Amino acid sequence: MLFSSPTVVFAPNNPTLYAIADAALNLKQPYDSLRVVSLGVGSYPEPKSWRSLFKFLPSVSLIQKILGTNTCSMETLRSILFDNVKTVRISETFNEPEMATDLLETNLKKLNRLVQKGRDSFGKMNKPLENYY
């Protein structure tokens with residue numbers, strides 16, 4: 001999704017809020033008929049390695065901060081504006097130091113572990129999702 005105005009172009013990192021608004025306003029669906037499953041990528045510690053040298057580059061550090069802030073802001077707004085819409089958010093926090101990663105991750109073994117963590121995270125939500133309707 002891409003939203004624009006004469007001075008701002010904004011691509012949301014967590015488009016749940018926009019999906020709900022679109023379904024309700026444009027598709028004329030009542031809020032109580034909506035069911036949302038919001039999938040995130042999770043939260044991870046920052047790596048303590050040579051990649052931290054890139055923190056001085058505004059592009060890498062700034063992008064990560066913007067994406068993280070945007071995700072949290074969108075989820076907070078969704079819960080305030082559309083608290084009557086049933087929503088399941090799947091996005092765990094992984095605090096283990098070995099899970100530290102950022103946008104520059106290239107270690108395939110670690111990336112495969114992250115994919116498995118995501119699958120496990122989704123699997124934990126089977127019960128809530130089964131009773132969702």
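Select Glu 130 to start. Glu 130 is exposed, at 55% relative accessible area. (Exposed means over 50%, buried under 20%, and partly exposed in between, using a 1.4 Å probe and protein chains only.) This is a predicted model: local features need pLDDT of at least 70, side-chain atom pairs count only at pLDDT 80 or more, and totals for chains, interfaces and linings use all residues. Residues are numbered from 1 along each chain as its sequence is written, and side-chain values use heavy atoms, with hydrogens and water left out.

The side chains of Glu 130 and Lys 127 form a salt bridge, 3.8 Å from N to O. (A salt bridge is a side-chain nitrogen of Lys or Arg within 4 Å of a carboxyl oxygen of Asp or Glu.) Side chains of opposite charge can pair when their charged atoms come close. Both residues sit in helix α4, three residues apart, so about one helical turn separates them. (Helices are DSSP runs of H or I with at least four residues, strands are runs of E with at least two, and both are numbered from the N terminus.)

How many salt bridges does the structure hold? There are five. Visit another one: select Glu 92 and Lys 124. Their closest N and O atoms are 3.3 Å apart. Glu 92 lies in the loop between β4 (86-90) and α3 (108-123), while Lys 124 lies in the loop between α3 and α4 (126-130), so this pair ties together parts 32 residues apart in sequence. Glu 92 is partly exposed, at 24%. Lys 124 is exposed, at 56%.

Next, select Glu 96 and Lys 117. Their side chains meet in a salt bridge of 3.5 Å, N to O. Glu 96 is in the loop between β4 and α3, and Lys 117 is in helix α3, so the pair ties together parts 21 residues apart in sequence. Is Glu 96 buried or partly exposed? Glu 96 is partly exposed, at 28% relative accessibility. Lys 117 is partly exposed as well, at 21%.

Last stop: Leu 39. Find this residue in strand β3, residues 35-39. Leu 39 is exposed, with a relative accessible area of 57%. Which residues does Leu 39 contact, leaving aside neighbours within four places in sequence? Show Arg 89, Ile 90 and Phe 122. Leu 39 and Phe 122 are 83 residues apart along the chain, yet their C-alpha atoms are separated by 8.5 Å.

Key. Contact = heavy atoms within 4.5 Å.
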